[in-house]
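Me: I've got a structure open here and want to go through it with you. Can you start with what a contact is, then take my questions as they come?

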Amino acid sequence: MRSPHRGQPADQAPPPSGRTASPDTEAAFALAFREAVQRRGLSLDRVRERLAAQGISISLATLSYWQRGRSQPERAHSLRAVDALETILGLPAGALRSLIGPSRPRGRITGEAPGLDASRQVLGEHSHVELALGEKFPQFNDDLLALSIHETVQIDEHRRCQAVTVRQVVRATRDGARRITVVHGEVTADSATVTAHYGRLGTVRQLPKLRTVVAELEFGRPLVRDETTLISYTLQYGRESAESLHYERRMRTQPFEYLLHVCFHPDALPTRCQRFFRDRIDAPMRYERRVALDVSHTSHMLLHKCLPGVHGMSWEWPR
């Protein structure tokens with residue numbers, strides 16, 4: 001296992017020719033950040049020290065730019081800092097991140113799907129996804145970009161994962177995108193089933209040796225570049241024998257929104273739920289904060305502009 005994610009080189013304040021926030025996002029994010037710092041009675045230097053104590057290095061100049069609205073967080077490291085700032089400043093999860101506007105392109109960056117190196121950075125070498133897709137892995141959904149992902153996980157009375165329903169809004173990165181490939185691991189593949197709700201179910205492959213299911217959902221027609229479409233499906237897990245202890249989503253890209261909603265059976269309620277993140281699948285979980293159960297016995301986490309990596313929720317059962 002790898003060591004926990006540590007701080008990266010400090011963010012530098014952007015040069016005048018770099019990206020700056022639009023007036024609307026400038027006002028919203030800067031105002032909320034500035035007011036939260038004032039309410040806590042902290043100086044920016046003290047805020048920087050508290051970030052550093054969590055292994056996150058952000059320059060004083062960058063914090064000042066954010067506070068004055070001259071720029072806003074954009075890079076993965078900066079977004080990690082925003083998540084930490086919400087805790088440091090006593091704000092609800094997403095209070096600052098939800099105010100960050102969409103990124104503007106830098107140079108030739110056009111919101112393309114991840115390449116082979118980016119995929120392996122998150123999934124690891126010889127992952128179940130790569131083994132399941134074989135020679136098609138380098139082209140894994142390379143004509144699509146996920147904008148929004150919602151997942152609802154059902155946990156049964158035996159503490160086992162019963163089903164997951166996924167809804168995604170995706171955008172074509174080039175003309176001709178016709179289908180999306182979805183890959184689910186850690187399932188009893190020979191008894192798992194897939195049902196399409198939006199989109200048409202195509203080929204489904206059950207790979208028991210890899211404990212993986214691969215399914216294709218057809219759009220019905222080719223998309224043109226930048227066109228969006230909605231797909232939704234349910235994976236029924238089948239005969240699972242082990243208790244479920246967590247659920248996670250491996251993000252190769254940075255969707256605008258990720259919602260994970262876990263529904264527990266009334267006869268199988270956990271004592272504790274926690275949100276976690278790790279840079280790649282073989283890294284240790286880094287627990288970020290507790291997540292409460294609601295009156296309907298469900299727990300959820302909502303992330304905006306997710307970092308590439310592994311996002312999930314874990315829970316503990318009473319003994």
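Reply: Contact here means heavy atoms within 4.5 Å. The model is a predicted one.

Me: Fine. Which residues does Ala196 touch, leaving out those up to four places away in sequence?
Reply: Ala196 touches Leu201, Leu217, Ser232 and Tyr233.

Me: How far is Ala196 from Leu217, in sequence and in space?
Reply: The two are 21 residues apart in sequence. C-alpha to C-alpha, Ala196 and Leu217 are 7.5 Å apart in space.

Me: Which element holds Ala196, and is the residue buried or partly exposed?
Reply: Ala196 belongs to strand E4, residues 193-198. Its relative accessible area is 24%, so Ala196 is partly exposed. The cut-off for buried is under 20%.

Me: Zoom out. How many helices and strands does the chain have?
Reply: The chain has six helices and 13 strands. It has 319 residues, and 48% of them count as buried.

Me: Strand E13 next. How many of its residues are buried?
Reply: Seven of the eight residues in E13, which spans 309-316, are buried, so the strand is largely enclosed by the rest of the structure.

Me: How does E13 pair with E8, parallel or antiparallel?
Reply: E8 and E13 are antiparallel, over six bridges. One of the residue pairs is Met251 with Gly309 of E13.

Me: What about E10 and E13?
Reply: Strand E10, residues 272-278, runs antiparallel to E13, and seven bridges join the two. Arg278 stands opposite Val310 in E13.

Me: E8 turns up in the second largest pocket too, I think. Which elements give two or more residues to the lining?
Reply: First, the lining is made up of 37 residues, and Val183, His184, Glu248, Arg249 and Arg250 lie nearest the centre of the second largest pocket. The elements giving two or more residues to that lining are helix H6 (128-133) and strands E1 (144-155), E2 (161-172), E3 (177-185) and E8 (246-251).

Me: What is the volume of the second largest pocket, and how does its lining split by class?
Reply: The second largest pocket holds about 890 Å³ of space. Its lining has 19 nonpolar, nine polar and nine charged residues.

Me: Change of topic, helix H2. Which residues there are buried?
Reply: In H2, residues 44-53, the buried residues include Leu44, Val47 and Leu51. Those three cover an arc of only 55 degrees around the axis, which puts them on the same side of H2.

Me: What does the backbone do just after H2?
Reply: Gly55 follows there, with a positive phi of about 80 degrees.

Me: Is His126 buried or exposed?
Reply: His126 is at 60% relative accessibility, so it counts as exposed.

Me: Where is Asp226, and what is its phi?
Reply: Asp226 is in the loop between strand E6 (212-223) and strand E7 (228-236). The phi of Asp226 is near 75 degrees, again positive in a residue other than glycine.

Terms used. Residues numbered from 1 in each chain as written. Predicted model: local features only at pLDDT ≥ 70, side-chain atom pairs only at ≥ 80, totals over all residues. Heavy atoms only, no water. 1 Å grid on protein atoms, 1.4 Å probe; cavity = no way out; pocket = protein on both sides within 12 Å on 5 of 7 lines; lining within 4 Å. Points joined across faces, edges and corners; volume = space filled by probe spheres on them. Helix = DSSP H or I, 4+ residues; strand = E, 2+ residues; numbered from the N terminus. Nonpolar A, V, L, I, M, F, W, Y, C, P; charged D, E, K, R; others polar. Buried < 20%, exposed > 50% of the residue type's maximum accessible area, 1.4 Å probe, protein only. Pairing = 2+ DSSP bridges. Arc of directions from axis to C-beta.
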